[in-house]
Amino acid sequence: MARKSDSVFNADKRIRLGIWGLGRGMSFYRACQALNFDVVAGCDYNAHMRERFLEANPGAFATDDADAFLSADFDAVLLATFCPAHADDAVACLEAGKHVLSEVTAFHTMAEGVRLVEAAEKSRLVYNLAENYPFSAAQMYVARRWKEGLFGDLMYAEGEYVHEIRSLAYTHIDGVPIEPGYALHNWRSWLNFHYYCTHSLGPIMVASGTRPVRVVSLPGTQSIPGYPPGRTMGMGTIAPSLITMDNGAVVRNLMGGTTNDVHQFRYWGTKGSAEIGHGLFLRLGGGGGAPKLEVTADWGEMTPLAEKMGHGGGDFWVLYYFARQILFGEPAPWDIHSAADVTIPGILAYRSSQENGQPYDVPDFRNKAERDAWRNDEFAQPRYDVKKGCFPRTADKRLTGRFNTIMKGLLRQLTVYRAYADWIQVFDEVVDRARVVELADALIKVYPDMRRTMRQARRLADAYPRSDGARVLNSVLEAMDEQATGRAGFLERVKKERARLKRKLRR
Ligand SMILES: NC(=O)c1ccc[n+]([C@@H]2O[C@H](COP(=O)([O-])OP(=O)(O)OC[C@H]3O[C@@H](n4cnc5c(N)ncnc54)[C@H](O)[C@@H]3O)[C@@H](O)[C@H]2O)c1
């Protein structure tokens with residue numbers, strides 16, 4: 001496409017963009033200029049986020065009032081508000097006459113999905129979902145080759161979004177603890193990970209050109225310390241589902257927050273296979289033992305722009321497709337219907353897991369009769385009272401108001417401590433043993449802070465021992481071996497251990 005000056009598109013028209021939700025919403029800046037967007041308005045409840053927004057956009061309109069924001073004069077909204085609120089917020093944007101690029105997921109209940117699909121269809125405005133994981137260079141390569149027929153038909157695929165983000169139950173995405181300090185994050189503190197199903201399923205749909213038709217899930221009830229309590233609550237569980245696609249293929253969709261973050265994808269087609277993880281590998285030749293080789297992938301002439309952006313370049317492409325559709329009418333990969341296709345399997349997988357593996361057909365919301373069947377279905381995971389937080393209402397707010405700050409510190413220190421304590425157990429087998437000595441150094445450095453935070457945590461947990469807050473704090477303190485690490489002399493023992501490891505290393 002021929003370009004005008006520094007724009008990617010051959011178009012003079014600029015798109016005036018408002019950003020609703022200035023946490024994640026601030027991630028897209030670097031590509032805006034080149035994609036014909038001018039950021040003119042921002043909306044967030046949080047004053048510190050509005051300040052940061054205004055620093056980046058002097059002269060823009062910033063407000064905490066959604067009505068004032070939507071009444072302002074601009075063309076399109078980048079919607080990055082609370083995950084379970086996207087449907088109503090997107091409908092409000094459409095009703096205000098704005099195009100919408102909605103963060104994932106598109107909606108939280110089936111009934112909301114019906115309302116959103118019908119609002120988007122009626123509006124004639126552009127609605128796109130900002131599902132960005134299909135647009136890494138490797139995923140786009142697989143998608144292109146899939147279309148060319150290199151892999152044949154999809155037989156089976158595995159997509160993973162296993163991401164432990166415990167601390168985000170207690171802080172905003174920029175790391176600032178949530179205020180008041182006893183209140184929990186609006187949704188990351190309780191939402192079951194099934195609901196966040198698009199980063200692992202979306203790339204498979206885009207690559208293979210298939211859509212989900214049936215889903216089933218068994219409950220996983222284990223979780224790691226430091227997540228707010230509740231056995232299938234929060235993003236600390238493991239959330240696997242099996243999904244039948246419309247060509248008869250099966251997909252394993254895995255989300256979760258546990259002890260090994262992975263974002264790997266494996267595709268098996270009738271002619272060849274692909275693996276995306278540590279590199280991009282293809283096995284071509286039509287048999288299980290056929291040659292498997294690594295290949296390279298980039299985005300051609302868009303590489304310099306895309307690689308500057310987050311999520312492996314994916315953030316660039318969702319914005320690119322959105323602008324392209326507004327400017328030229330060319331459909332983006334995630335319109336309202338494919339947004340529904342990728343969102344529904346999460347809602348129904350959660351429901352299936354709660355019903356011990358009851359399978360569900362995934363309706364196609366393009367079809368009115370199928371929408372009608374779900375029109376009034378408001379089923380949703382029970383919400384945690386995040387405003388009350390995890391202490392009694394009558395609790396001393398001066399004490400509980402420190403909870404989120406304590407949790408933020410404690411979780412960072414927990415990983416430093418456990419990494420040291422667990423790696424020294426396998427020191428002799430470690431290939432790069434100097435790394436283990438560094439873990440001891442890290443613990444020695446953090447220990448004074450760790451001890452202080454642990455004391456604060458103990459005090460708060462003991463003040464309200466039967467509260468959910470105490471359960472969370474105790475789970476972390478236990479994982480930090482409080483009895484041993486809190487005792488005088490612990491630091492000296494670590495230092496001695498470090499000296500012993502150093503001596504071993506020299507030998
Ligand atoms: N695609 C990705 O890679 C990716 C990465 C991070 C987050 N996200 C998505 O982006 C969205 C936002 O993420 P986040 O991390 O910033 O989470 P968040 O839920 O903490 O942020 C939402 C922000 O919107 C503001 N907000 C919500 N409703 C509002 C309203 N009615 N009026 C004014 N302000 C309002 C909140 O104050 C908050 O700052 C989430 O849905 C998340 O799923 C996607």
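How many bridges join strand E8 to strand E9, and do they run parallel or antiparallel? The second view below gives the answer.

This is a predicted model, in which local features need pLDDT of at least 70, side-chain atom pairs count only at pLDDT 80 or more, and totals for chains, interfaces and linings use all residues. Residues are numbered from 1 along each chain as its sequence is written.

**View 1. A parallel open sheet of 6 strands.** The strand order is E3-E2-E1-E4-E5-E6. Helices (H or I, at least four residues) and strands (E, at least two) are DSSP runs, numbered from the N terminus. Two strands pair if DSSP finds at least two bridges between them. Strand E3 (61-63) and strand E6 (127-129) stand at the edges; each has a single partner strand, so one side of each is left without a neighbour in the sheet. Neighbouring strands of this sheet are turned by 20 degrees against each other on average, direction ignored. Strand E1 (residues 15-20) pairs with E2 in the parallel sense over 6 bridges. Within E2, Phe37 is the bridge partner of Ile15.

**View 2. A mixed open sheet of 9 strands.** The order reads E14-E13-E12-E11-E7-E10-E9-E8-E15. Strand E14 (292-295) and strand E15 (360-361) stand at the edges; each has a single partner strand, so one side of each is left without a neighbour in the sheet. Strand E8 (residues 212-216) and strand E9 (residues 238-245) run antiparallel, joined by 4 bridges. Arg214 has Thr244 in E9 as its bridge partner.

View 3. Helix H7 (residues 198-208) lies across strand E7 (154-162), E9, strand E10 (250-256) and strand E11 (265-269). H7 runs at about 150 degrees to E7. Helix H10 (residues 336-354) also packs on the sheet, touching E8, E9, E10 and E15. The direction of H10 makes about 20 degrees with that of E8. Axes are lines fitted to C-alpha atoms, for helices over the stretch in contact, and angles run from 0 to 180 degrees between N-to-C directions. Two residues are in contact if their C-beta atoms, placed from the backbone, lie within 7 Å.

**View 4. Packing of H14 and H15.** Helix H14 (residues 434-463) and helix H15 (residues 468-479) pack at an angle of about 145 degrees. Their axes are 9 Å apart. On the H14 side, the contact holds Met454, Ala457, Arg458, Leu460 and Ala461. These meet Gly469, Ala470, Leu473, Asn474 and Leu477 in H15. The contact residues divide into 7 nonpolar, 2 polar and 1 charged. Ala, Val, Leu, Ile, Met, Phe, Trp, Tyr, Cys and Pro count as nonpolar, Asp, Glu, Lys and Arg as charged, and the others, Gly among them, as polar.

**View 5. The shell around the ligand.** The shell divides into 12 nonpolar, 8 polar and 4 charged residues. Domain 1 (15-129) and domain 2 (133-300 + 332-374) each supply at least three of its residues. Domain bounds come from an automatic or database domain assignment.

**View 6. Backbone exceptions in loops.** Most residues other than glycine have a negative phi, and most peptide bonds are trans. A cis peptide bond joins Val104 and Thr105, with omega about -5 degrees. Thr105 sits in the loop between strand E5 (99-102) and helix H5 (110-123). Glu179 and Pro180 are also joined by a cis peptide bond, with omega about -10 degrees. Pro180 lies in the loop between E7 and H7. Asn36 is not a glycine, yet has a positive phi of about 70 degrees.

Note on methods. Near = placed C-beta within 6 Å.
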